[in-house]
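Thanks for coming, everyone. Let me put the structure up, and then I'll talk you through it.

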Amino acid sequence: MEGPLKQPPTVCRLDYKMWSQVISMVMVAVGVYARLMKHAEAALACLAVDPAILLIVVGVLMFLLTFCGCIGSLRENICLLQTFSLCLTIVFLLQLAAGILGFVFSDKARGKVSEIINNAIVHYRDDLDLQNLIDFGQKKFSCCGGISYRDWSQNMYFNCSEDNPSRERCSVPYSCCLPTPNQAVINTMCGQGMQALDYLEASKVIYTNGCIDKLVNWIHSNLFLLGGVALGLAIPQLVGILLSQVLVNQIKDQIKLQLYNQQHRADPWY
C-alpha cells in the first residue's frame, strides 16, 4: 500500500539560514548607518575600499545567499538549494585559497601591510575614525609608526621640515607616549618634538619601535587563536553545505518514491 510521504526535518536548516539572514541584515544596517554618518570625502582614503561600503556589499550578498537557502528549504526547491550549496562552497574555497596564498606569500603580504600603515599615517588627521583606529593600535601593541616613530614625518602635520607651520611639527601622536601611572588627565602633547630626538632619548618618553614588527610578532604568537577563529568561520559554512546536500537528497528520494507510487497505482497486484 502507498504510505504517506515523510517530510524532511527542515527546522534546523531554517534556523541556521534565518540566523544568517538576521546577521546579514545587521551588517547592512551598520554599513548604511556608518556611511550616512560619514561625509563622502571623509572616507578612509588610505584603504582600497571603505569599510562601510564593504559591510553593505558583504551583507547584501550574504542576505541573497541565505535567502536562496531559506526559500529553497521552505519550498523544497532543488535548484535554490543547489545554488546555495554551490555559492557557499565557492566562498569556502576562496577563503581557503586566501589563507594559503597569505601564508605562502607572507613577505609580499608584509609589504602590503606596510603600505597600508604608511597611507594611514599620511591620512591620520583626515578622518576621525581612522585616527581612533591608529591610536587604539599603537596603544594596544605599544608601538609608534610603521617601522619607527620617525615614520610620522610622512604626515603633513607632524613633518619635520622647516617650512611646516603646524604646532605638531616634528611630533608624534599622544598614543605613542609611554603610559604614566595614576594619570588623571591624558597629556595629548606628550609627543611634542619627539622626532627630533634620537632613539635613546625618545625611548624615555614614547614607544620607538614600529607597529609592523609588533603586529607580525603578535600574529606569530597567536597562530592557534587565529586558527581557531578561521575554523569557527569554516564550520558553519561546511554545516550549511552538508545540510543543503542532505535535504536535496531527501527531496530527490521523495520524488522518486512519488513517481514509483504513481506508476504502480493502477496495478491490481500492488
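First, the ground rules. This is a predicted model, where local features need pLDDT of at least 70, side-chain atom pairs count only at pLDDT 80 or more, and totals for chains, interfaces and linings use all residues. Residues are numbered from 1 along each chain as its sequence is written, and side-chain values use heavy atoms, with hydrogens and water left out.

Disulfides, then. By disulfide I mean a pair of cysteine sulfur atoms within 2.5 Å. How many disulfides does the structure hold? It holds 4. Count the bonded cysteines along the chain, and the pattern reads 1-8, 2-5, 3-4, 6-7. Cys68 is in no disulfide, and its nearest cysteine sulfur, that of Cys87, is 6.9 Å away. Cys79 is in no disulfide either; there the nearest cysteine sulfur belongs to Cys68, at 8.6 Å.

A word on burial. Buried means under 20% relative accessible area, exposed over 50%, and partly exposed in between, with a 1.4 Å probe and protein chains only. Cys79 has 53% relative accessibility, so it counts as exposed.

Now the links one by one. Cys143 is joined to Cys211, S to S 2.0 Å. Cys143 sits in the loop between α5 and α6 (199-202) and Cys211 in helix α7, so this pair ties together parts 68 residues apart in sequence. Helices here are DSSP runs of H or I, at least four residues, numbered from the N terminus. Both Cys143 and Cys211 are buried.

Next, Cys144 to Cys176, S to S 2.1 Å. Both lie in the loop between α5 and α6, so the pair ties together parts 32 residues apart in sequence. The torsion about the S-S bond of Cys144 and Cys176 is about 80°, so this disulfide is right-handed. Cys144 and Cys176 are both buried.

Then Cys177 to Cys190, S to S 1.9 Å. These two are 13 residues apart, each in the loop between α5 and α6. Cys177 counts as buried because its relative accessibility is 11%. Cys190, at 17%, counts as buried as well.

On to helix α5. It has 14 residues and reaches 20 Å from first C-alpha to last, close to the 20 Å expected at 1.5 Å a residue. That expected span is 1.5 Å times one less than the number of residues. Which residues of α5 are buried? They are Leu130, Gln131, Ile134, Asp135, Gly137 and Gln138. Seen down the axis of α5, they fall within an arc of 160°, so they line one face of the helix. The arc is taken from the directions from the helix axis to the C-beta atoms. Turned away from that buried side are the exposed residues Leu128, Leu133, Phe136 and Lys140. What covers the buried residues includes α4 and α7 (211-221). After α5 comes Ser142, with a positive phi near 50°.

Last, the core. A nonpolar core is a set of buried Ala, Val, Leu, Ile, Met, Phe, Trp, Tyr and Cys residues joined through side-chain atoms within 4.5 Å. The largest one has 19 residues; among those touching the most other members are Ile134, Trp152 and Cys176. α4 (106-122) and α5 (128-141) each give two or more residues to this core. The largest share, 3 residues, comes from α4.

Technical notes
Contact = heavy atoms within 4.5 Å.
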